[in-house]
Amino acid sequence: MVGYIVRRLLQALIVLLLVTVIVFILLHALPGGLIRAQLGAKASKFEVHQLTIQEGLTKPLPVQYGIWLSNLLHGNLGFAYKQETPVLTLIGETFPRTLVLAGSGLFLAALFAVPLGALQGSRRNSLMDYGVSGFLLTTYSTPYQLLGVLLIFVFAVQLNVLPGTATNFGQGFGTDVRVLALPVLALFLGNVAYFSRYVRSSVIDSFGEDYVRTARAKGASKMRILVRHVLRNSLLPFVSAVGLSLPTLVSGTLVIEVLFNYPGMGTYFWHAQQDRTYPLVLGILLVVTVLVVVGNLLADLAYAALDPRIRYD
Amino acid sequence: MTDGPRADESTPALLAGVTTSPAAAVLPGTPLMELPGSEGGSSRWHKWRLDAALFASNRMALVSLVFLVALLLFCFVGPFLYRTTQTATTLLNANLAPSGQFPLGTDPEGFNLLGRLMLGGQSTIEVGFAVAVFSTGFGALWGAVAGYVGGIVDAVLMRVVDTALSIPYLFLAVLLATLFSPSLSLIVLTITAVSWPSTARIVRGETLSLRTRDYVTAARGFGGRALGLVGRHVMPNSIGSIVVNFTLRVATAIFIFALLAYLGLGVPPPGTSWGQMLQQGITHLYDNYWWELWLPGVAIVLAVIAVSAVGDGLYDVVVKRQAAGRG
């Protein structure tokens with residue numbers, strides 16, 4: 001077990017290091033170079049030359065990577081010249097907001113997926129099963145912007161019960177809940193099918209196992225079998241499914257944040273990309289990736305801790 | 001949709017799929033289809049017919065396949081039968097509701113929306129297929145080499161895959177797409193860059209189980225070289241999961257292409273895609289030009305669902321083939 005944890009941590013560390021390499025390469029692939037991006041197209045040759053030396057861009061690439069990585073580890077992610085603020089400060093402001101949005105969406109999707117999937121799995125191929133599958137598959141296949149726009153149209157325009165933009169986030173808990181309702185709902189609808197299908201098939205698999213047949217032979221009720229025997233065994237792989245869903249979930253928040261103008265990392269990323277504030281773009285890319293890697297790691301560790309049958313040596 | 005035990009394969013926008021061994025996924029109590037061709041000396045044609053019958057037994061997959069063929073005809077043959085101008089704008093005709101002259105109405109630039117749907121469908125389908133071809137080809141090779149060679153090579157190759165899978169794909173795609181000027185090939189390249197790693201992971205898993213088979217050992221004993229073995233014995237025998245993965249990549253690519261359109265990345269004008277048409281519909285949401293929103297929106301959703309359902313049907317065929325020992 002300890003060996004597995006150490007190995008898994010080491011793997012995550014290697015992945016994180018590779019991520020920094022990729023971001024570093026992207027930094028140097030910028031059109032016109034980082035200097036032009038900062039100074040604009042009208043900068044004189046002299047200014048460009050000066051800043052090139054100042055930023056250490058004349059040094060060999062591996063040396064530059066070393067310096068950049070050491071800065072990174074000291075919390076220096078660069079300077080967002082458009083906002084005239086350090087990138088780390090901007091990320092510090094927006095990171096919790098994105099975490100709240102993505103976290104609520106994930107939590108709700110996972111929460112509702114368990115009873116939905118269990119119900120579908122235990123009444124497989126019934127009209128209810130087809131209906132729920134069909135509906136969830138449709139929302140799952142709908143691009144986030146269309147989901148969001150439909151929600152805005154129904155709840156904000158027609159019924160006028162919820163705000164259609166999330167710009168006002170951060171003015172007390174009551175308004176925050178109302179403001180977040182539609183973005184979270186869009187994220188939920190776009191992702192719940194991933195989890196419910198997982199639970200459904202896992203429940204169907206478990207129903208065929210010997211221990212279920214034994215429980216049935218002993219006269220246990222269907223409900224008891226479902227909760228005590230089937231679900232308990234189906235939920236383990238569900239933990240790693242949650243970990244694997246993270247990149248998709250975080251990608252979804254990008255579109256939803258921009259659509260609802262929610263002041264999180266996604267919206268900042270999109271605006272920074274539009275005005276070519278590359279240090280901020282790459283900083284956010286790095287942070288969302290770290291978020292996914294850490295989330296995956298936690299899911300794997302939870303899986304190892306929860307499953308007594310599996311020994312990782 | 002089907003009763004196949006799969007949470008991972010049919011779902012679009014799902015880049016990190018969980019791989020369960022297809023053979024282990026056959027439900028206990030599910031009667032396997034009789035496959036007499038596996039023992040007897042029947043022809044390859046006979047096996048194909050069995051597979052086709054199995055595929056057709058999944059109604060949803062069959063209907064989806066017919067729908068996709070109709071969609072292909074609509075997008076690629078349709079413009080020859082129903083000629084519209086899709087290069088010069090006629091602003092006088094902007095935002096007209098469906099009528100006799102324009103059966104599906106017009107868009108904000110005055111383009112005939114029926115013709116526009118065909119044009120947007122062309123780029124959307126092209127992107128879907130091109131991404132699937134490139135990411136399946138590259139990913140399958142990557143995964144097969146990693147799984148076959150093993151050891152340190154496997155570790156290095158798979159850490160690269162892990163890394164690529166950890167980056168939220170849309171963030172990376174937006175960044176890549178802004179580094180270069182917009183074009184159809186850039187979009188294909190971008191979506192491929194975020195799609196191939198999942199194929200690599202699936203094919204690696206498949207290869208790991210195939211490399212210990214007797215015929216591979218035998219081929220190695222006869223002095224076959226690694227790359228030749230991968231090409232001749234490993235890849236052809238994992239073709240089933242590669243084909244299923246191909247359909248998944250098509251669906252995912254269409255989905256991501258639509259998301260990218262919202263973030264302002266698409267085919268340069270006068271070209272268009274369904275995602276870009278949807279974007280126009282969204283900007284005119286409050287004008288009640290419903291046809292501009294719903295037509296491209298429904299087209300995207302139906303295409304994604306249909307491709308996924310065909311993948312579902314193919315998956316059933318592959319699972320039952322493997323269960324019957326036909327590889």
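**Confidence, fold and interface**

Mentor: Start with confidence: chain A has a mean pLDDT of 82, and 93% of its residues reach 70 or more. Keep in mind that this is a predicted model.

Trainee: Where in chain A is confidence lowest, and where is it highest?
Mentor: Helix α2 (residues 33-39) of chain A is lowest, at a mean of 65. The highest is α11(A), at 89.

Trainee: OK, fold next. How many helices and strands does chain A have?
Mentor: Twelve helices and two strands. In sequence order, the pattern is α-α-α-α-β-β-α-α-α-α-α-α-α-α.

Trainee: And what does the C-alpha trace of chain A span?
Mentor: About 85 × 60 × 30 Å along its principal axes.

Trainee: How much of chain A counts as buried?
Mentor: 39% of its 313 residues.

Trainee: What share of the contacts in chain A is between residues 24 or more positions apart?
Mentor: 71%, taking contacts with a separation of 6 or more.

Trainee: Switching to the partner. How many residues of chain A are in contact with chain B?
Mentor: 50 residues of chain A, against 44 residues of chain B.

Trainee: Which elements of chain A give two or more residues to that side?
Mentor: α1 (2-28), α6 (127-141), α7 (144-158), α8 (173-207), α10 (222-260), α11 (265-274) and α12 (278-306) of chain A.

Trainee: Which one gives the most?
Mentor: α10(A), with nine residues.

Methods. Residues are numbered from 1 along each chain as its sequence is written. Chains are lettered from A and ligands numbered from 1 in the order in which they are written. This is a predicted model: local features need pLDDT of at least 70, side-chain atom pairs count only at pLDDT 80 or more; totals for chains, interfaces and linings use all residues. Two residues are in contact if their C-beta atoms, placed from the backbone, lie within 7 Å. Helices (H or I, at least four residues) and strands (E, at least two) are DSSP runs, numbered from the N terminus. pLDDT is the predictor's confidence in each residue, from 0 to 100. A residue is buried if 20 or more other C-beta atoms lie within 10 Å of its own, exposed if 12 or fewer, and partly exposed in between; C-beta atoms are placed from the backbone.
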